[in-house]
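Hi everyone, thanks for coming. Let me put the structure up on the screen, and then we can walk through it together.

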Amino acid sequence: MKATLIDFKQLTPDVRHFIFEASGVENFRFLPGQFASLTQTIEGREITRAYSFASAPGEGNRFELCLNHVPDGQFSEWLFELELGGAVEMRLPMGTFTLHHPEREAVFVATGTGIAPFRSMLKAHLNESSPVFTLIFGTRYEQGLLY
């Protein structure tokens with residue numbers, strides 16, 4: 001399927017929050033903590049990269065990703081140059097890094113864009129009656145704080 005870039009927000013000088021829309025599906029389904037594999041032909045080579053969802057499921061056919069801009073990274077460079085309305089090939093969601101017992105207290109530890117799957121889990125499961133979830137987020141500099 002294709003994913004079309006509909007919006008983005010620059011979180012830090014090197015990190016961007018992307019909002020995509022999956023085409024060809026009315027209700028795009030994934031589990032919080034899973035990832036999307038994006039594929040693009042760049043300079044004659046097909047390149048695939050996996051990125052964890054940073055949004056909760058159930059937002060129609062939209063999903064969000066949190067990505068680092070990697071200097072000289074072919075796929076990263078391409079994504080950061082993608083204009084609104086541009087599309088990328090995408091495979092169905094995969095991965096088992098999911099919250100198996102959301103009714104239990106949990107501690108999440110992340111740095112950088114590693115926060116994405118935890119953000120997905122918290123957005124999906126955190127509410128007034130949920131158990132206590134603790135997020136420990138590490139960054140070297142204050143400008144690296146995300147969300």
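How much space lies in the largest pocket? The answer is about 210 Å³. Thirteen is the number to keep in mind for the lining: of the 13 residues that line the largest pocket, the closest to its centre are Thr12, Val15, Thr139, Gln143 and Gly144. By type, the lining of the largest pocket has 7 polar residues, 4 nonpolar ones and 2 charged ones. Please remember as we go that this is a predicted model.

On to the second largest pocket, which holds about 180 Å³ of space. It is lined by 16 residues, and the closest to its centre are Tyr51, Leu67, Asn68, Val70 and Ser76. Strand 4, strand 5 and helix 1 are the elements that give two or more residues to this lining. Which of the elements gives the most? That is helix 1, with 5 residues. As for the make-up of the lining of the second largest pocket, we have 9 nonpolar residues, 6 polar and 1 charged.

Let's stay with helix 1, which runs over residues 74–81. Its buried residues are Phe75, Ser76, Leu79 and Phe80. Why do these four belong to the same side of helix 1? Because they cover an arc of only 130 degrees around the axis. There is a general rule in the background: an α-helix has 3.6 residues a turn, so residues three or four places apart point the same way.

And what covers that buried side? The cover of the buried residues of helix 1 includes strand 1 (2–12), strand 2 (15–22), strand 3 (35–42), strand 4 (45–52), strand 5 (62–68) and strand 6 (87–90). Take phenylalanine 75 as an example: leaving aside its neighbours within four places in sequence, it is in contact with Leu38, Thr39, Gln40, Ile42, Ile47, Arg49, Tyr51 and Val88.

Phenylalanine 75 also turns up in the largest nonpolar core. Of the 22 residues in that core, Phe20, Leu38, Phe63, Leu65, Phe75 and Leu79 touch the most other members. At least two residues of this core come from each of strand 1, strand 2, strand 3, strand 4, strand 5, helix 1 and strand 6. Apart from it lies another core, of 15 residues, and Ala54, Ala110, Ala116 and Phe118 are among them.

Now to the segment after strand 8 (133–138), where we find tyrosine 147 and leucine 146. Is leucine 146 buried or exposed? Leucine 146 is buried, because its relative accessible area is 8%, and the cut-off for buried is under 20%. Leaving aside neighbours within four places in sequence, leucine 146 is in contact with Leu11, Thr12, Val15, Cys66, Gly112, Thr113, Ile115 and Phe137. One of these, isoleucine 115, is 31 residues apart from leucine 146 in sequence, with 8.2 Å between them, C-alpha to C-alpha. Tyrosine 147, in turn, counts as partly exposed, at 43% relative accessibility.

Last, a word on the backbone. Most residues other than glycine have a negative phi. Tyrosine 147 is not a glycine, yet has a positive phi of about 60 degrees. Glutamate 43 is not a glycine either, and has a positive phi of about 50 degrees. Where does glutamate 43 lie? You will find glutamate 43 in the loop between strand 3 and strand 4, and at 73% relative accessibility it counts as exposed.

Terms used. Residues numbered from 1 in each chain as written. Predicted model: local features only at pLDDT ≥ 70, side-chain atom pairs only at ≥ 80, totals over all residues. Heavy atoms only, no water. Buried < 20%, exposed > 50% of the residue type's maximum accessible area, 1.4 Å probe, protein only. Arc of directions from axis to C-beta. Contact = heavy atoms within 4.5 Å. 1 Å grid on protein atoms, 1.4 Å probe; cavity = no way out; pocket = protein on both sides within 12 Å on 5 of 7 lines; lining within 4 Å. Points joined across faces, edges and corners; volume = space filled by probe spheres on them. Nonpolar A, V, L, I, M, F, W, Y, C, P; charged D, E, K, R; others polar. Core = buried A, V, L, I, M, F, W, Y, C linked by side-chain atoms within 4.5 Å.
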